Amino acid sequence: MLVKGVSARDEASETAGEGTTRPSRPRPKVRLRRINAKVSRGGALFLGGLPFLFVAIAYLIASAQRLAINPSDKLLPSPAQMWSAFLDLATVPDKRSGDLILWIDTYASLLRLFAGVGVATFAALSLGIAIGFIPRVRAFLLPFVTVVCVIPPLALLPILFIALGLGETAKITLIAVGVAPVMVRDIANRVMELPPELVAKAQTLGGNSWTMVLRLVLPQVMPRLITCVRLALGPAWLFLIAAEAIASTEGLGYRIFLVRRYLSMDVILPYVAWITLLAVITDWLLVRLSQAMSPWAHPVEAR
């Protein structure tokens, strides 16, 4: 009887429960993690421009305060003063030589820069593939390249000037020696990262060493090579300016160190901005070159 009574009460409670609606539980709020937040193109441009805006505002405020106290102050010139000096260097011929100083300096510096980086790129491509793909070459050269990578290139500058003179050869050699070892080691590591299955399949299909280098290794390392060049541009500019500051008669670095004795910040700051613009344009062109040559290596940009 007790069991029957309990069963009857359970059935009655279930029947009553079916007729009434239970209060729904509040759904927990879904918190969007910061790593999953998407940024629109306009938002990315806005956020990317904020640091530049803050720096510009800070400079304008500091410049205005210094010029209000001393109108002839040279430490923080106004944008109008810098623009006027930049236009003079770009459009007014020099009284002694008749040349447009800005363009002569730019041509000389870019020629040295591209020559040095070009030599380093050729060395990285040839030696990097040889070290990474051929075991005997790896055993022979990899320890030497690893040691050379840790030598400060600027410490070699006096040696290069003594051995090669004060001409263009020493400056180009400094740039090449400064960036080539790191590029060689990076390319060699990329070659050694190639899946062994690809090499085995290429050998099975009858490919010799030269064919595998051209058809297998070279296409795989080209995106990394362009990335190495992009990363090497910063140190290359450093070595170029250091070499031009010590022994040169023209160039962007030479001009900066020439006018520093006069505290001509209205020339130095535009030259620094001009070097930055040239570096950004070069980096942008290298990115586009990599996307055109190896679109498979840029799946995110292709979307």
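The UniProt annotation "transmembrane region", from an unreviewed entry, covers residues 43-62, 113-134, 141-164, 225-247 and 267-287. The model is predicted. It holds twelve helices and zero strands. Its pLDDT averages 84 over the chain.

**Annotated spans**
- Residues 43-62 carry the UniProt annotation "transmembrane region". In the model this span is 100% helix and 0% strand. Its end C-alpha atoms lie 29 Å apart.
- Residues 225-247 carry that annotation too. Here the span is 96% helix and 0% strand. The end C-alpha atoms of residues 225-247 are 31 Å apart.
- The record also lists residues 113-134, 141-164 and 267-287 under "transmembrane region".

**Confidence**
- A pLDDT of at least 70 is reached by 88% of the residues.
- Among the elements of the chain, helix α4 (residues 101-133) has the highest mean pLDDT, at 93.
- Helix α1 (residues 2-19) has the lowest mean pLDDT of the elements, at 48.
- Over residues 1-9 the pLDDT stays under 50. The model gives residues 1-9 zero contacts beyond four places in sequence.
- Residues 12-19 also have a pLDDT below 50. Beyond near neighbours in sequence, this stretch makes zero contacts in the model.

**Overall fold**
- From the N terminus on, the elements run α-α-α-α-α-α-α-α-α-α-α-α.
- The chain has 303 residues, and 32% of them count as buried.
- Take the contacts between residues at least 6 apart in sequence: 69% of them join residues at least 24 apart.
- The accessible surface of the chain comes to about 20200 Å². Carbon and sulfur atoms account for 67% of that surface.

**Val199**
- Val199 lies in helix α8, which spans residues 196-204.
- Val199 has a relative accessible area of 19%, so it counts as buried; the cut-off for buried is under 20%.
- Leaving aside neighbours within four places in sequence, Val199 is in contact with Phe133, Met212 and Leu216.
- Another partner, Phe133, falls within residues 113-134, one of the spans annotated "transmembrane region".

How values were computed
Residues numbered from 1 in each chain as written. Predicted model: local features only at pLDDT ≥ 70, side-chain atom pairs only at ≥ 80, totals over all residues. Heavy atoms only, no water. UniProt positions renumbered as here; feature names shortened; annotations may be inferred. Helix = DSSP H or I, 4+ residues; strand = E, 2+ residues; numbered from the N terminus. pLDDT = per-residue confidence, 0-100. Contact = heavy atoms within 4.5 Å. Buried < 20%, exposed > 50% of the residue type's maximum accessible area, 1.4 Å probe, protein only. Areas by Shrake-Rupley, 256 points an atom, 1.4 Å probe, with all protein chains shown as cover.
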